[in-house]
Amino acid sequence: MDKYDSVIELAKRRGYLWNSFEIYGGTAGFYDYGPLGAMLKRRVENIWRDIFVINEGYYEIEVPTIGIEDIFVASGHVGGFSDPLTECQKCHESFRADHLVVDVTSNPDTLSSDELTGIIQNNTIKCPECEGELGAVYEFNLMFSTKIGPGSKRIGYLRPETAQGMFVDFPRLLRFYRDKLPFGVTQIGKAYRNEISPRQGVIRLREFTQAEAEIFVDPRDKSHPGFDSIRDHTVTLYSDPAQSSGQDSREMTLGEAVEQGTIAHQFLAYALSLTQQFLLRVGVSPDRLRFRQHMKDEMAHYAVDCWDAEILSDRFGWVEIVGIADRTDYDLKAHSRVSKTDLSVYVEYAKPGVIERTAVKPNMGKIGPVFKGQAKAVIDALNSMDAENLSGDAITINVDGEEVTISPDMFEVRQLTETINGENIVPHVIEPSFGIDRIIYAILEHAFREEEVEGEEEGRIVMGLKGEVAPVQAAVLPLLTRDELKGPAREIESALKHRGVMAEYDDSGTIGRRYRRNDEIGTPYSITVDYETLEDGTVTIRDRDSMKQVRSPVDTIADTVHDLIHGTIRLEDAGTLIA
């Protein structure tokens, strides 16, 4: 059993993760979060909110998980959100073609369907399940489609990412933020992708949770006002040049990375810093975390720079868990074009400027009698024309699809001097996008360990979760199931819960088995009530990781455990160490 199997086995046995639809045989790409898993996930999401919503001030919104077709036509998902699929001609199992050729060609995800078909045929690649012949490769759209309302008039899709809802709401968000850049908005919610062959457990799901921030910035100035506070933070970067030349990742400060041009600008570097802060706080191991830059042949055509936060997994190697990209103005321009809505921002200059320009002035008295009902459309078309291009005795313009001829007496070209106080720009978007389910798995794998215990025949399994994310943060254990011990234990459990500590009372089995049970589910502290408690008003606090114990006063136990969980005191400061 490798580490992935060990983690998933424990996760299922202890109520973290379960296969969905289990009594009906289940299906790939779906997982349920059990009682402990759901609690862990909420704690991780709330830490993300603490960083991005509360401290950065990026308000959270919530939009429908189903979107109308126009949204995904504009975003490009209807036309291009697909993976290359090949089907076995014998057993009819489907596979991602780029995954099947990974051992015979480099960068298979950049190849066309025809190129992948050729590689499969030329290398005699067979079905991994039955050795049957594989069919021609074609593009399979990953969105789940549906119909909105009865009949088939309106097509909808389950959203493949949470981002589009935030772009669509841009005009209202801009007003909410008083028409000022930069501003950010966040969303945590479900997204859906109909993966061809999700065979990597919780790493690749068909329904998953994203936490995304869309930060709208002035494209002319991507410096961050808080950059100096993170300039000296060290991150492990695996840049495009390092990958291309076969070098390893290297540590550098974010200040160095921006100054040397490794990271495109301060806003993107600041997002990397927030991402690292979040991942380390929830329990990702720092020595198994790196930021990998997208290489030129994998980066989206509209992006300036993209980095993936990757964690090292025993079975899967380096796995992307967060994507951080400068998406430029691609999304807002695409939605502006399809919706015919202005998604620009008026930005005032620090000092007004003066410009000379030529302008077309329609002659209302001439145009009105000739064009009557079309007069306004003709005037609008004239106003939108570039006066520099007007020449000749008459000009032809397009009005509502119809070409009309305008005589020279219907307009006048003037030279104007104007004072301008600002201009309209389309913001660029910085997007950190977090795959919460993958992060949950990373936390579990990095926290999982099996170890020998000195003086004992059996070893122990420990889920070394950080106190802030542990589903159960304190176990309250009466040494014996006697009323004189159970009563004080219940009082301690109640005091802990009132202090905001998730505590669980447990009097089932020997004290040793109860310790082991709580080690496995990741409970950082166990509090034992014994007969000494009745005599001197102290209890034993046992630390999960070191197994050290201290005697601590009962009357302050809730505050003490709270402070231990949040790391504001050490175990040695919580009481008298037991030798």
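**Labels and their grounds**

Tutor: In this predicted model, the side chains of Thr 540 and Arg 551 make a polar contact at 2.6 Å.

Student: Why is the pair Thr 540 and Arg 551 called a polar contact?

Tutor: The cut-off for a pair of N or O atoms is 3.5 Å. The pair of Thr 540 and Arg 551 is at 2.6 Å, and so counts as a polar contact.

Student: Is Thr 540 buried or exposed, and how do you know?

Tutor: Thr 540 has a relative accessible area of 6%. Buried means under 20%, so Thr 540 is buried.

Student: Where is Thr 540 found, and which residues does Thr 540 touch?

Tutor: Thr 540 is in strand S27, residues 538-543. Leaving out residues up to four places away in sequence, its contacts include Ser 526, Asp 530, Gln 549 and Ile 578.

Student: What makes S12 and S14 paired strands?

Tutor: Pairing needs at least two bridges. Strand S12 (residues 234-238) and strand S14 (residues 289-293) are joined by 2 bridges, so they pair, and they run parallel. Leu 237 has Phe 291 in S14 as its bridge partner.

Student: What is the strand order of the open sheet?

Tutor: The 9 strands follow the order S3-S10-S11-S21-S16-S15-S14-S12-S13, with mixed pairing.

Student: Why are S3 and S13 said to stand at the edges?

Tutor: S3 (59-60) and S13 (250-253) each have a single partner strand, so one side of each lacks a neighbour in the sheet.

Student: Which helix lies across S3, S10, S11 and S21?

Tutor: Helix H2 (residues 35-55) does, running at about 160° to S10.

Methods. Residues are numbered from 1 along each chain as its sequence is written. This is a predicted model: local features need pLDDT of at least 70, side-chain atom pairs count only at pLDDT 80 or more; totals for chains, interfaces and linings use all residues. Side-chain values use heavy atoms; hydrogens and water are left out. Helices (H or I, at least four residues) and strands (E, at least two) are DSSP runs, numbered from the N terminus. Contact means heavy atoms within 4.5 Å. Axes are lines fitted to C-alpha atoms, for helices over the stretch in contact, and angles run from 0 to 180 degrees between N-to-C directions. Buried means under 20% relative accessible area, exposed over 50%, partly exposed in between (1.4 Å probe, protein chains only). A polar contact is a pair of N or O atoms within 3.5 Å; within protein, one must be able to donate a hydrogen and the other to accept it, and residues adjacent in sequence count only if both atoms are side-chain atoms.
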